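Subject: Structure handover

Hello,

Please find the structure below.

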Amino acid sequence: MQKFLKAQVASFSGTVVDFLTTLVSVEIFNIWYVNGNLTGNICGGITNFYLGRNWVFNSRNKKVYIQGVKYSMVWAGSITLNTSGVFALTHYCGINYIVSKVIASVVVGFTYNYLLQNYFVFKQS
């Protein structure tokens, strides 16, 4: 349970970076919300990888390159799910992109991201 809670704190930290980057991109730089979301996902993902490797899963003894490749594979799926979710909820359901981003982030973070990071990326041998 402690690992799950730490993973949620790391995920939340990555999400804060993600959301701030998205908001600045869209609201200040007038970038299309889908591209702003993608930029935020990238910045948040880097934050989450660092915290996951060094704090949540305490997996510094493994090769960062291998973990990075595994994380990138999972992250690509996460970005696809998050971006598709934001687009679908905003475009087809008429929900504000910020609310759409919250919904997509929570669903993807609690399910897809945690499970694959725990059992694939940072798996303890």
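**Helix α1**

The buried residues of α1 are Ala7, Gln8, Ala10, Gly14, Asp18, Phe19, Thr21, Thr22, Ser25 and Val26. Here buried means under 20% relative accessible area, exposed means over 50%, and partly exposed lies in between, with a 1.4 Å probe and protein chains only. Helices are DSSP runs of H or I with at least four residues, and strands are runs of E with at least two, numbered from the N terminus.

This is a predicted model, in which local features need pLDDT of at least 70 and side-chain atom pairs count only at pLDDT 80 or more, while totals for chains, interfaces and linings use all residues. Residues are numbered from 1 along each chain as its sequence is written, and side-chain values use heavy atoms, with hydrogens and water left out.

The buried residues of α1 pack against α2 and α4, where contact means heavy atoms within 4.5 Å. With 27 residues at 1.5 Å a residue, α1 should span 39 Å, and its end C-alpha atoms are 38 Å apart, which agrees. The expected span is 1.5 Å times one less than the number of residues.

**Asp18**

Asp18 lies in helix α1 and counts as buried because its relative accessibility is 7%. Which side chain does Asp18 join through a polar contact of 2.8 Å? The partner is the side chain of Asn41. A polar contact is a pair of N or O atoms within 3.5 Å; within protein, one must be able to donate a hydrogen and the other to accept it, and residues adjacent in sequence count only if both atoms are side-chain atoms. Leaving aside residues up to four places away in sequence, Asp18 touches Asn37, Gly40, Asn41, Gly44 and Lys101.

**α1 against α4**

The axes of α1 (residues 2–28) and α4 come within 10 Å and cross at roughly 145 degrees. Axes are lines fitted to C-alpha atoms, for helices over the stretch in contact, and angles run from 0 to 180 degrees between N-to-C directions. On the α1 side, the residues that meet α4 include Phe4, Asp18, Phe19 and Val26; on the α4 side, they include Tyr97, Lys101, Phe110 and Tyr114. The residues of this contact divide into 10 nonpolar, 4 polar and 4 charged. Ala, Val, Leu, Ile, Met, Phe, Trp, Tyr, Cys and Pro count as nonpolar, Asp, Glu, Lys and Arg as charged, and the others, Gly among them, as polar.

**Helix α3**

Helix α3 (residues 64–92) has 29 residues and reaches 40 Å from its first C-alpha to its last, close to the 42 Å expected. Its buried residues include Tyr71, Trp75, Ile79 and Val86. The buried residues of α3 pack against α2 (33–56) and α4 (97–121). Ala76, also in α3, counts as partly exposed because its relative accessibility is 40%. The C-alpha atoms of Ala76 and Ile42 are separated by 9.6 Å, although the two are 34 residues apart along the chain.

**Positive phi values**

Most residues other than glycine have a negative phi. Asn30 has a positive phi, near 55 degrees. Asn30 is found in the loop between α1 and α2 and is exposed, with a relative accessible area of 64%. Asn58 has a positive phi near 40 degrees. The place of Asn58 is in the loop between α2 and α3, and Asn58 is partly exposed, at 45% relative accessible area. Gly94, which follows α3, has a positive phi near 75 degrees.

Regards
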